[in-house]
Amino acid sequence: MDTTQLLKGVLDLAVLAVLRDEDGYGYDILRRLRSSGLEEVGDASVYGTLRRLFQAGYLTTYVVPSEEGPHRKYYALNAAGRSQLATSGKVWRAFATTMDTILAERGATT
């Protein structure tokens, strides 16, 4: 199965989840996603997702000066983002449970 197609459907949720406990800048968020097991996630996809989530009102941003290189734009989950994370998390868990049931019924899981 091509995981890139699956990633398209859940990248918003994954980014919100990564920001739940700690703010982050673009590359840091990408690194956290990859170290969590989403190795195939692309740079452009993450940066596009961050822009989209910010425009949707789920994230706030602030700039932190850097002694090495350019300033970093940090993203933080706001109240609307936390609400979206909770809602999307419930939808995901229900969907995953349904898929687990379907696969188990068809003998597709071990």
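## Terms and model

Two strands count as paired if DSSP finds at least two bridges between them. Helices (H or I, at least four residues) and strands (E, at least two) are DSSP runs, numbered from the N terminus. The model is predicted: local features need pLDDT of at least 70 and side-chain atom pairs count only at pLDDT 80 or more, while totals for chains, interfaces and linings use all residues. Residues are numbered from 1 along each chain as its sequence is written, and side-chain values use heavy atoms, with hydrogens and water left out.

## Overall fold

The protein chain contains four helices and three strands, arranged along the sequence as α-β-α-α-β-β-α. Its C-alpha atoms fill a box of roughly 55 × 25 × 20 Å along the principal axes. Of the contacts (heavy atoms within 4.5 Å) with a separation of 6 or more, 45% join residues 24 or more positions apart.

Of the 110 residues, 29% are buried; buried means under 20% relative accessible area, exposed over 50%, and partly exposed in between, with a 1.4 Å probe and protein chains only. The accessible surface comes to about 7300 Å², and carbon and sulfur atoms hold 54% of that surface. These areas come from the Shrake-Rupley method with a 1.4 Å probe; for residues, only the protein chains shown count as cover.

## The sheet

The three strands form an open sheet in the order β1-β3-β2, with antiparallel pairing. β1 (24–25) and β2 (59–64) are the edge strands, each pairing on one side only. Strands of a sheet pair through backbone hydrogen bonds, either parallel or antiparallel.

β3 (residues 72–77) pairs with β1 over two bridges and with β2 over six bridges.

## The nonpolar core

A nonpolar core is a set of buried Ala, Val, Leu, Ile, Met, Phe, Trp, Tyr and Cys residues joined through side-chain atoms within 4.5 Å. The largest one has 19 residues, and Val15, Ile29, Leu33, Leu50 and Leu59 have the most contacts inside it. At least two residues of this core come from each of α1 (3–18), α2 (26–35), α3 (43–55) and β3. The greatest contribution is that of α1, with seven residues.

Leu50 shows how these parts meet. Apart from neighbours within four places in sequence, Leu50 is in contact with Val15, Leu19, Gly26, Ile29, Leu59 and Tyr75. In α2, the buried residues are Gly26, Asp28, Ile29, Leu30, Arg32 and Leu33, and their cover includes α1, β1, α3 and β3. After α2 comes Gly37, with a positive phi near 120 degrees.

Not counting residues up to four places away in sequence, His71 touches Val63, Val64, Pro65 and Ser66. Thr87 lies 16 residues from His71 in sequence, and the two C-alpha atoms are 33 Å apart in space.
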